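Dear colleague,

Please find below the structure that I am handing over to you. My notes on what was found in it follow directly after.

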Amino acid sequence: MKVMCPAVPVVVLILAALPSPQAIAQPELVAQGRFSGSGRDYSGLTEELAPGVIHNPLGGFSALEYSGVGTTYYALPDRGPQDGAFPYQCRFQVIDIKVPAVASSGGSISQTLTLKLLETRMLFDTAGSALTGLAAAVNSAVPEQSLRFDPEGFRCATGGSFFISDEYGPTVSEFDSGGRRLRSLATPEHFQVKHPSGSPQEEADTNSSGRQSNRGFEGLAISPNGLKLFAVLQGPLIQDSFVLPNGKRSGIHLRLLEIDRYSGQQREFVYPLDDPGNGVSEIVAVGDDEFLLIERDS
């Protein structure tokens with residue numbers, strides 16, 4: 001999926017993994033569709049967050065998940081415009097995507113997807129308060145009570161609930177079908193910062209371990225049997241990185257956290273980036289111990 005700024009169309013790409021002579025699945029573009037860059041969602045939030053910054057854009061998607069029913073998919077926007085600068089209310093979109101039947105020709109294929117927005121559902125904490133992308137909406141004394149939320153990964157679960165990974169925490173939370181948080185799964189202490197702040201620079205200056213700012217759980221996978229979740233960081237933890245002469249942190253070792261949905265038992269794995277300038281955007285499980293990841297260079 002390709003995410004574009006609200007001023008231009010949002011493009012949804014569908015790729016098929018096709019067999020190759022080397023027995024390795026090679027992705028091939030089979031279709032694409034567009035939402036208008038001026039599209040609005042069904043949140044009903046028609047006010048402006050700031051002059052020219054609307055509260056109900058249709059776009060900014062960080063994840064796309066198949067519902068398992070018909071042609072219904074879930075599209076998850078992240079924390080909103082300008083990286084947490086505004087009190088954007090978190091939500092997800094229910095969309096209909098009709099994918100044309102395609103037989104591989106071994107060449108370039110480009111067909112049109114039929115896209116239709118069906119519904120917008122807002123996200124709330126366990127008490128029913130709206131979750132917001134605003135970076136400053138953090139409870140420094142009790143971080144788990146913060147309303148700030150940066151939704152990045154989305155996976156459906158059995159029973160109608162779904163899981164979302166939060167880049168701020170970093171955490172993985174379970175929500176009911178209406179968008180209300182049911183619980184947050186435990187995250188190891190060494191993934192968390194001891195001094196969360198609404199200022200990325202302040203977080204960087206006051207923490208020696210935990211996730212880097214805007215480098216939390218970017219991708220989320222669920223095992224085929226639905227028993228385990230896999231949350232992957234976008235970049236290395238502070239303690240897994242080093243400081244460059246320009247003051248920025250760099251490293252190639254990301255952590256992948258496996259969480260048993262029912263027992264809470266966890267394991268950690270290391271994912272090495274191809275280049276220290278890269279980051280991971282998404283992960284999907286294609287087997288019990290095999291995954292596809294999107295690694296990007298921006």
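Is aspartate 83 buried or exposed? Aspartate 83 is exposed, because its relative accessible area is 54%, where buried means under 20% relative accessible area, exposed over 50%, and partly exposed in between (1.4 Å probe, protein chains only). This residue sits in the loop between β6 (72-77) and β7 (91-98); helices (H or I, at least four residues) and strands (E, at least two) are DSSP runs, numbered from the N terminus. The phi angle of aspartate 83 is near 50 degrees, a positive value in a residue other than glycine.

Some remarks on the source are in order. The model is predicted, and local features need pLDDT of at least 70, side-chain atom pairs count only at pLDDT 80 or more, and totals for chains, interfaces and linings use all residues. Residues are numbered from 1 along each chain as its sequence is written, and side-chain values use heavy atoms, with hydrogens and water left out.

The chain as a whole

The chain contains 1 helix and 21 strands. Of its 298 residues, 47% count as buried. Among contacts (heavy atoms within 4.5 Å) between residues at least 6 apart in sequence, 51% join residues at least 24 apart.

The sheet β10-β11-β12-β13

Four strands, in the order β10-β11-β12-β13, make up an open sheet with antiparallel pairing; two strands pair if DSSP finds at least two bridges between them. β10 (151-156) and β13 (181-185) are the edge strands, and each has a single partner strand, so one side of each is left without a neighbour in the sheet. From one strand to the next, the twist averages 25 degrees, with axes taken as lines fitted to C-alpha atoms, for helices over the stretch in contact, and angles running from 0 to 180 degrees between N-to-C directions.

β10 pairs with β11 (residues 162-166) over 5 bridges in the antiparallel sense. Proline 151 has aspartate 166 of β11 as its bridge partner, and phenylalanine 154 stands opposite isoleucine 164 in β11. On its other pairing, β11 joins β12 (residues 171-175), again antiparallel and over 5 bridges, with serine 173 in β12 as the bridge partner of isoleucine 164.

β11 is largely enclosed by the rest of the structure, because 5 of its 5 residues are buried. In a regular strand the side chains alternate between the two faces of the sheet. In β11, Phe162, Ile164 and Asp166 point one way and Phe163 and Ser165 the other way, and all are buried.

The turns beside β11

The hairpin of β10 and β11 has 5 residues between the strands, and glycine 159 in it takes a positive phi near 90 degrees. Threonine 158 also lies in the loop between β10 and β11 and counts as exposed, because its relative accessibility is 53%. Leaving aside neighbours within four places in sequence, threonine 158 is in contact with Arg261 and Tyr262. Threonine 158 and asparagine 225 are 67 residues apart in sequence, yet 9.5 Å apart in space, C-alpha to C-alpha.

β18 (residues 253-260) and β19 pair in the antiparallel sense over 7 bridges, and glutamate 258 has arginine 267 in β19 as its bridge partner.

The end of the chain

Serine 298 lies in the segment after β21 (291-296) and is exposed, with a relative accessible area of 79%. Its phi is near 60 degrees, a positive value in a residue other than glycine.

With kind regards
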